[in-house]
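Good morning, colleagues, and thank you for joining this meeting. Please have the sequence and the model open before you.

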Amino acid sequence: MPLADDIRAALSAAHDAVEKTPFAEAMAAGRMTRPEYAAGLRELAALHAALEDALAAGVARSPELAAVYDPAKMARTPLLDRDLAAFGAGRGDAPPHPVVARLADRFRHWAAETPWALVGPLYVTEGSRMG
């Protein structure tokens, strides 16, 4: 079974759970306010910034990781920061949600210890780009 299929199968239940959160349901139903949307963007930007920083550190430690991560094509933080600015907001406006902060810690740990572990969250974030 290809790695992508293994990851998809392992994350299926978590993916379904995320789609049932009040935030995701409000977004899908078009009931989200501008401040709620900006808060969600801020969390997404914090998550991507942490992952992209970890990937850069991971590539420095394991250069072969560059075969799956090209920041020139895949970095989303600058785009999310631009979107936040359009809402009059920024990543530094509030601390990240504790879950995002724990993920950032995990990404840093993986970058230092097992850089290839970052392929999983990279797969998830790239998949989210495709819908």
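Arg108 has a relative accessibility of 48% and counts as partly exposed, a class that lies between buried, under 20% relative accessible area, and exposed, over 50%, computed with a 1.4 Å probe on protein chains only. This is a predicted model, in which local features need pLDDT of at least 70 and side-chain atom pairs count only at pLDDT 80 or more, while totals for chains, interfaces and linings use all residues. Residues are numbered from 1 along each chain as its sequence is written, and side-chain values use heavy atoms, with hydrogens and water left out.

The partner of Arg108 is Asp105, and their side chains form a salt bridge with an N to O distance of 2.3 Å. By salt bridge I mean a side-chain nitrogen of Lys or Arg within 4 Å of a carboxyl oxygen of Asp or Glu. Both Asp105 and Arg108 belong to helix H6, three residues apart, or about one turn of the helix. Helices here are DSSP runs of H or I with at least four residues, numbered from the N terminus. Asp105, at a relative accessible area of 45%, is also partly exposed.

How many salt bridges does the structure hold? There are two. Asp81 is partly exposed at 26% relative accessible area, and Arg91 is partly exposed at 35%.

Thr77 lies in helix H5, which covers residues 77-86. Is Thr77 buried or exposed? Its relative accessible area is 7%, so Thr77 is buried. Apart from neighbours within four places in sequence, Thr77 is in contact (heavy atoms within 4.5 Å) with Ala45, His48, Ala49, Glu52 and Arg91. A polar atom of the Thr77 side chain lies 3.2 Å from the backbone nitrogen of Ala49.

I turn now to the interior. In soluble globular proteins, nonpolar side chains tend to be buried together. A nonpolar core here is a set of buried Ala, Val, Leu, Ile, Met, Phe, Trp, Tyr and Cys residues joined through side-chain atoms within 4.5 Å. The largest such core has 16 residues, and those with the most contacts inside it are Leu51, Ala54, Leu55, Tyr69, Phe107, Leu118 and Leu122. Two or more residues come from each of H3, H6 and helix H7 (119-130). Which element gives the largest share of this core? That element is H3, with six residues. A second, separate core has five residues, among them Leu41, Ala45, Leu80 and Ala89.

Not counting residues up to four places away in sequence, Leu51 touches Phe107, Leu118, Pro121, Leu122 and Thr125. Pro121 is in helix H7 and is buried at 14% relative accessible area. With that sequence exclusion of up to four places, Pro121 touches Leu51, Phe107 and Trp110. The C-alpha atoms of Pro121 and Phe107 are 8.7 Å apart, and the two residues are 14 apart in sequence.

Thr125 is likewise in helix H7, and at 9% relative accessibility it counts as buried. A polar atom of the Thr125 side chain lies 3.1 Å from the backbone oxygen of Leu122. Leaving aside neighbours within four places in sequence, Thr125 is in contact with Leu47, His48, Leu51 and Arg76. Thr125 and Arg76 are 49 residues apart along the chain, with 9.6 Å between their C-alpha atoms.

Finally, the surface. Phe23, Met27 and Tyr37 make a nonpolar surface patch of about 270 Å². Tyr37 is in helix H3, residues 34-61, and at 33% relative accessibility it counts as partly exposed. Patch residues have over 30% relative accessible area and no salt bridge; like charges are joined within 9 Å, and nonpolar side chains (Val, Leu, Ile, Met, Phe, Trp, Tyr) within 5 Å. The areas come from the Shrake-Rupley method with a 1.4 Å probe, and for residues only the protein chains shown count as cover.

How values were computed:
A polar contact is a pair of N or O atoms within 3.5 Å; within protein, one must be able to donate a hydrogen and the other to accept it, and residues adjacent in sequence count only if both atoms are side-chain atoms.
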